[in-house]
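Please open the model in a viewer and follow the selections below in order. Each stop states what to select and what is found there.

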Amino acid sequence: MAAPMAAPMGAPCRVDWVDTAKGLCILMVVLLHSTFGVEQAVGREGFMHAVVAFAKPFRMPDFFLISGLFLARVIDRDWRLYTDRKVVHFAYFYLLWMTIQLVVKSPVLAAEHGSWWGVPGDWALALIDPFGTLWFIYLLPVFFVATKLARQLRIPPLAVWLVAAALETAPIHTGWMVPDEFAARFVYFYTGFLLAPRVFALAEAAAARPWLSVGGLAAWALVNGALVFGGFSEWPIVSLALGLAGACAIIVLATLLVRSRVFDPIRYCGEHSIVVYLAFFLPMAATRIVLLKTGVIDSVGLMSLIVTAAGILGALAMWWAVRGTRLDFLFTRPDWAHVAPRKRPAEARLQPAE
């Protein structure tokens, strides 16, 4: 077994199953965008379409639930430090990479507007309506602030959870990403915060009974697949149940995977999930264009897998290339972008990273 199931408060270590679960999530996110991008370009579906559909009920719920797991450690910090770690941190990377994405896509956007003058308007709109693939890190600060406010206002946690569950069940479709995704996702983030001890207990139980865990995963996969491909997965209540069940399944699967070093690359991707999330769109798009232009591969599914691998490896390669250089600011928040003292080296290694 790799790391302890739960890291003590202040312990300078990470939790391997958490990183592995995050790695599974980021793999599914990149696979989604890669598959849909290729399919849209060629005008037909590939064999990976079914995999993406299977993962839809739990792909983002699990990511948000894991994001809330360690919040109890820091939620009672003063607002200045809390804002620096949980708001300014993500705001910096969102603004930076949103600008990069807009610059890269500006020729296409200008063509859609019929003029370059529309591109600055897209940038301004992205300040209130998240742009492209970056909506996740836009929403995280909103969730962190909402959870701290609810705690300071002494709103009963059960009441917060019930309201969040009702919002997910509604469902709400305003056409604006922030209210729509807040309604759809906050319940999972708050569940991670509220039930963190039980989540860690689930991981410990899965590690203690691996064969029973495998059986449970098989049963879950059958139910999830039946509801997804039967067209029931987005029904009210069903979607919430599938999101929570799928998040638990990914946690159990991650706990089993850390038993073998074979799956260390997945853990590594999870440890650096924000790097992959920020930068995967560049190598992903470039690889897709090359494959489509050359026509060396006809299989849509195989192209999707290649583009997915290129997106992940390319993002990590970009990060490795800029470390210690003047371009380090692409993945490391500089001193001027802090509103509170930076983390000490030992503290910076705590799970989770900022």
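Select helix 14 (residues 281-294) and helix 15 (residues 300-322): helix 14 and helix 15 cross in a right-handed sense, that is, with the near helix turned clockwise from the far one by less than a right angle, anticlockwise being left-handed. This is a predicted model, in which local features need pLDDT of at least 70, side-chain atom pairs count only at pLDDT 80 or more, and totals for chains, interfaces and linings use all residues. Residues are numbered from 1 along each chain as its sequence is written, and side-chain values use heavy atoms, with hydrogens and water left out.

The axes of helix 14 and helix 15 come within 7 Å and cross at roughly 140°. Axes are lines fitted to C-alpha atoms, for helices over the stretch in contact, with angles from 0 to 180 degrees between N-to-C directions. Helix 14 and helix 15 are therefore oblique to each other (under 35 degrees is roughly parallel, over 145 roughly antiparallel, 65 to 115 roughly perpendicular, the rest oblique). Helices (H or I, at least four residues) are DSSP runs, numbered from the N terminus.

Now show the side chains at this contact (heavy atoms within 4.5 Å). Helix 14 contributes Leu282, Pro283, Met284, Thr287, Arg288, Leu291 and Leu292, and helix 15 contributes Met303, Ile306, Val307, Ala310, Gly311, Gly314, Ala315 and Met318. Classed by residue, the contact has 11 nonpolar, 3 polar and 1 charged (Ala, Val, Leu, Ile, Met, Phe, Trp, Tyr, Cys and Pro are nonpolar, Asp, Glu, Lys and Arg charged, the others, Gly among them, polar).

Next, select helix 7 (residues 157-169) and helix 8 (residues 177-194), whose axes come within 7 Å and cross at roughly 150°. That makes helix 7 roughly antiparallel to helix 8, and the crossing is left-handed. Among the residues that meet are Trp161 and Glu168 in helix 7 and Phe182, Tyr188 and Thr191 in helix 8. This contact comprises 14 nonpolar, 1 polar and 1 charged residues.

Move to Thr20, in helix 1 (residues 16-42). Is Thr20 buried or exposed? Thr20 is buried, at a relative accessible area of 1% (buried is under 20%, exposed over 50%, partly exposed in between; 1.4 Å probe, protein chains only). Beyond its neighbours within four places in sequence, Thr20 touches Ala254, Leu257, Val258, Ile266 and Arg267.

Finally, colour by pLDDT, the predictor's confidence in each residue, from 0 to 100. The protein has a mean of 91, with 93% of its residues at 70 or more. Residues 1-12 stay under 50, with 26 contacts beyond four places in sequence. Residues 345-354 are also below 50, with 28 contacts beyond near neighbours in sequence. Where pLDDT is low, the predicted coordinates should not be read in detail.

Note on methods. Helices (H or I, at least four residues) and strands (E, at least two) are DSSP runs, numbered from the N terminus.
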